[in-house]
Amino acid sequence: GVRELQQVTPNNAHLMPPQLRTAIKRTKLHAKVVFPDMRKWGGAMKPSHIVRRRCGELGIPMKIRNVAEKIAKATEKKGTLEGKQPATIAGASVLIALKASGDATFDEGKVALTFGLALSTLNSRAQEIKNAGINEKTADKIIEEYEAKSSRLRRRR
């Protein structure tokens, strides 16, 4: 029961019955689903929403946060990093916005930690976004183009 679980340490884990060990492993797996903050945000949230939430945690100024949101939204609309975790896109967008702002006080490692990603992953995804032609200057235009296309498609129906 619960008392048995509380007494489990890495040193005495081998003394537990196999069923209890299996139950603990399954609980740890399900905890990631129940508590998505445990590692990184799951696929249910859009990158721009994750940017908003995480920038608040990091204390990033509103001006930079807005730029990061636009970059994330443009990346999403263009489909540049399709199939990647939303947290990855969000983290890379924040990194691009912070670098573009010229703010030398931010810590890239702290950004990576907040988004639950490796710094190398963040940097490589940020480079992919930049290579696709998305940056703080082009993000607005990409979003406008996408919304213009979708409104034309709606009018045809």
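**Chatting through an all-helix model**

Colleague: Let's start with K77. Which helix is it in?
Modeller: K77 sits in helix α4. Keep in mind that this is a predicted model.

Colleague: Is K77 buried, exposed or partly exposed?
Modeller: K77 is partly exposed.

Colleague: What does K77 touch, skipping residues up to four places away in sequence?
Modeller: Y146 and E147.

Colleague: How far apart are K77 and Y146, in sequence and in space?
Modeller: In sequence, 69 residues. In space, 6.6 Å from C-alpha to C-alpha.

Colleague: Zoom out for me. How many helices and strands does the chain have?
Modeller: There are 8 helices and 0 strands. Read from the N terminus, the order is α-α-α-α-α-α-α-α.

Colleague: And how much of the chain is buried?
Modeller: Buried residues account for 31% of the 157 residues. The accessible surface is about 10200 Å². Carbon and sulfur atoms own 53% of that surface.

Colleague: What about contacts along the sequence?
Modeller: Take contacts between residues at least 6 apart in sequence. Of these, 67% join residues at least 24 apart.

Colleague: Now confidence. What is the average pLDDT?
Modeller: The chain averages 78. A score of at least 70 is reached by 69% of the residues.

Colleague: Where is confidence lowest, and where is it highest?
Modeller: Lowest in helix α1, residues 2-6, with a mean of 53. Highest in helix α7, residues 119-131, at 92.

Colleague: Where does pLDDT stay under 50?
Modeller: Over residues 38-43. The model gives that stretch 20 contacts beyond four places in sequence. Be careful, though: where pLDDT is low, the predicted coordinates should not be read in detail.

Colleague: Fine. On to the largest nonpolar core. Which residues touch the most other members?
Modeller: V94, V111 and F115, out of 30 residues in that core. Helices α3, α4, α5, α6, α7 and α8 each supply at least two residues. Helix α5 gives the most, with 8 residues.

Colleague: Who is in contact with V94, leaving out neighbours within four places?
Modeller: V51, C55, I60, A68, V111 and F115.

Colleague: V111 and F115 again! Which residues of α6 are buried?
Modeller: V111, A112, T114 and F115 are the buried residues of α6, which spans residues 108-115. They lie on the same side of α6, because they cover an arc of only 165° around the axis.

Colleague: What do those buried residues pack against?
Modeller: Helices α3, α5 and α7.

Colleague: What happens at the two ends of α6?
Modeller: At its start, a side-chain oxygen of D107 comes within 3.2 Å of the backbone nitrogen of G109. Just after α6, G116 has a positive phi of about 70°.

Colleague: Last one, R125. Where is it?
Modeller: In helix α7.

Colleague: Why does R125 count as buried?
Modeller: Because its relative accessibility is 17%, and buried means under 20%.

Colleague: Which side chain makes a polar contact with R125?
Modeller: That of E128, at 2.6 Å.

Colleague: And its contacts, leaving aside neighbours within four places in sequence?
Modeller: R125 is in contact with L81, K84, T88 and A92.

Conventions. Residues numbered from 1 in each chain as written. Predicted model: local features only at pLDDT ≥ 70, side-chain atom pairs only at ≥ 80, totals over all residues. Heavy atoms only, no water. pLDDT = per-residue confidence, 0-100. Helix = DSSP H or I, 4+ residues; strand = E, 2+ residues; numbered from the N terminus. Contact = heavy atoms within 4.5 Å. Buried < 20%, exposed > 50% of the residue type's maximum accessible area, 1.4 Å probe, protein only. Arc of directions from axis to C-beta. Polar contact = N/O pair within 3.5 Å; in protein donor to acceptor, adjacent residues only side chain to side chain. Areas by Shrake-Rupley, 256 points an atom, 1.4 Å probe, with all protein chains shown as cover. Core = buried A, V, L, I, M, F, W, Y, C linked by side-chain atoms within 4.5 Å.
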